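Notebook open, structure on screen. I want to go through the ligand site and then the sheet.

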Amino acid sequence: MMNSDNSSSKAESAPAPTWFGRILNWFSAPARPVSLDLEGSSNEEQVRPVDRPAVLVSQVGPQTTGALRRLAERLQQEEVDPHEARNLLREVRRILPETHWGTDFDVAAAASEVIVRWASVAGPLKVSAGTQTVVALVGPTGVGKSTTLAKLAALARYKDGRKVGLISTDTYRVAAVEQLSAYARLLELPLAVAEDRQQMEEALGAFGDRELVFIDTAGQGPHDEKRLREVQDLLRLEDRIHTHLVISATTKHSDTRDILKRFEPLRYDGLIVTKLDESRSHGILLNAPHWCGRPLTYLGLGQGVPQDIEVATAERVADLVLNLSQRFGA
Ligand SMILES: Nc1nc2c(ncn2[C@@H]2O[C@H](COP(=O)(O)OP(=O)(O)OP(=O)(O)O)[C@@H](O)[C@H]2O)c(=O)[nH]1
Ligand SMILES: [Mg+2]
């Protein structure tokens with residue numbers, strides 16, 4: 001969509017800018033008139049079904065019409081926390097001249113600018129020369145901890161040329177160690193298994209020459225208080241270990257809230273959101289950091305190792321929440 005005369009009249013020879021480039025252009029360009037054509041071209045957006053009552057829309061006031069209303073509907077579809085969504089809509093109305101409120105591209109550009117400003121992100125992993133960086137992945141069962149660990153280890157080893165070691169602590173699930181040792185073989189990385197604090201200290205000691213060590217942990221179900229304490233004990237090494245909580249975008253938002261709270265004792269530093277490719281809504285990217293006060297570090301977008309992982313950036317969060325790449329091209 002967006003094949004309006006307005007956009008096609010731009011230099012034919014220039015390569016199509018990415019949505020983010022276009023949005024940057026929009027913000028650096030002088031105010032331009034509202035394009036009626038764009039209003040018309042937003043039909044596809046209008047017919048996208050809203051499967052829940054437009055509570056948010058009714059809460060943001062009678063002036064919410066046209067593209068602003070469609071933004072409100074989109075935020076609701078994406079399951080953005082209503083409080084956050086209301087703040088976002090308010091800010092969009094504040095920064096965007098009223099003459100642009102009917103134009104989808106302009107409203108999306110303004111919303112994107114706000115999300116880029118507000119998104120909480122902190123990737124990629126920082127490795128300091130001469131010190132060993134230890135990263136542990138924790139989280140509920142089946143969210144993609146081991147797969148994410150393999151992706152991160154592969155990139156660190158083959159893209160960044162780091163010396164990497166792997167430690168598995170998951171001796172609960174049948175074949176968990178085998179899963180990681182298959183990745184270790186494939187990636188030609190050393191693997192150690194640690195079941196208690198002493199073995200963990202020994203494994204880290206044995207990996208003294210490794211700049212980056214990744215620790216995989218067993219998935220924790222909602223009632224596994226004992227196992228959570230065991231992982232907590234295993235990872236308690238004077239703040240040497242950077243812990244990332246892995247959550248799945250396919251988890252119900254009320255459950256995600258519980259998970260963020262339940263893992264508090266592990267004092268996780270950041271969030272990795274996986275299975276974004278499988279989820280219909282991406283509001284979790286705004287909600288989860290807001291709920292727990294930790295930034296996003298990586299995004300999982302598929303099963304492929306190592307290609308289906310991205311460092312979490314504010315621009316990508318805006319892209320996914322507002323579906324910009326698909327709606328506005330490139
Ligand atoms: N579609 C999709 N699938 C993923 C992603 N990340 C992981 N998976 C898949 O999710 C499934 C579970 O992945 P694991 O890495 O074994 O999950 P885990 O959290 O280690 O599981 P436990 O150790 O049993 O708690 C596998 O089929 C993965 O391929 C992702 O970003 N997108
Ligand atoms: Mg696992």
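Ligand first: I looked up which element gives the largest share of the shell around ligand 1, and it is helix H9 (residues 145-159), with three residues. Helices here are DSSP runs of H or I with at least four residues, strands are E runs of at least two, and both are numbered from the N terminus. This is a predicted model, where local features need pLDDT of at least 70 and side-chain atom pairs count only at pLDDT 80 or more, while totals for chains, interfaces and linings use all residues. Residues are numbered from 1 along each chain as its sequence is written, and chains are lettered from A and ligands numbered from 1 in the order in which they are written.

I found 20 residues around ligand 1, with Gly144, Ser146, Thr147, Gly219 and Gly300 the closest; a residue is near if its C-beta atom, placed from the backbone, lies within 6 Å. By class I got three nonpolar, ten polar and seven charged residues in this shell. Nonpolar means Ala, Val, Leu, Ile, Met, Phe, Trp, Tyr, Cys and Pro, charged means Asp, Glu, Lys and Arg, and the others, Gly among them, go down as polar.

Next, the sheet. I read it as open and mixed, with eight strands in the order S3-S2-S4-S1-S5-S6-S7-S8; two strands pair if DSSP finds at least two bridges between them. Strands S3 (191-193) and S8 (309-311) are the edges, each pairing on one side only.

H9 again: I see this helix lying across S1, S2, S4, S5, S6, S7 and S8, at about 170 degrees to S4. Contact means C-beta atoms, placed from the backbone, within 7 Å; angles run from 0 to 180 degrees between N-to-C directions of axes fitted to C-alpha atoms, for helices over the stretch in contact.

Then I checked S6: is this strand mostly covered or open? Five of its five residues are buried, that is, 20 or more other C-beta atoms lie within 10 Å of their own, against 12 or fewer for exposed and in between for partly exposed, with C-beta atoms placed from the backbone. Gly270, Ile272 and Thr274 sit on one side, Leu271 and Val273 on the other.

S6 pairs in the parallel sense with S5 over five bridges, and Val246 stands opposite Ile272. S6 also pairs in the parallel sense with S7, over three bridges, where Leu271 has Leu296 as bridge partner.

Last, Trp118: I place this residue in helix H8 (residues 104-118). Trp118 counts as partly exposed because 17 other C-beta atoms lie within 10 Å.

Notes
Contact = placed C-beta atoms within 7 Å.
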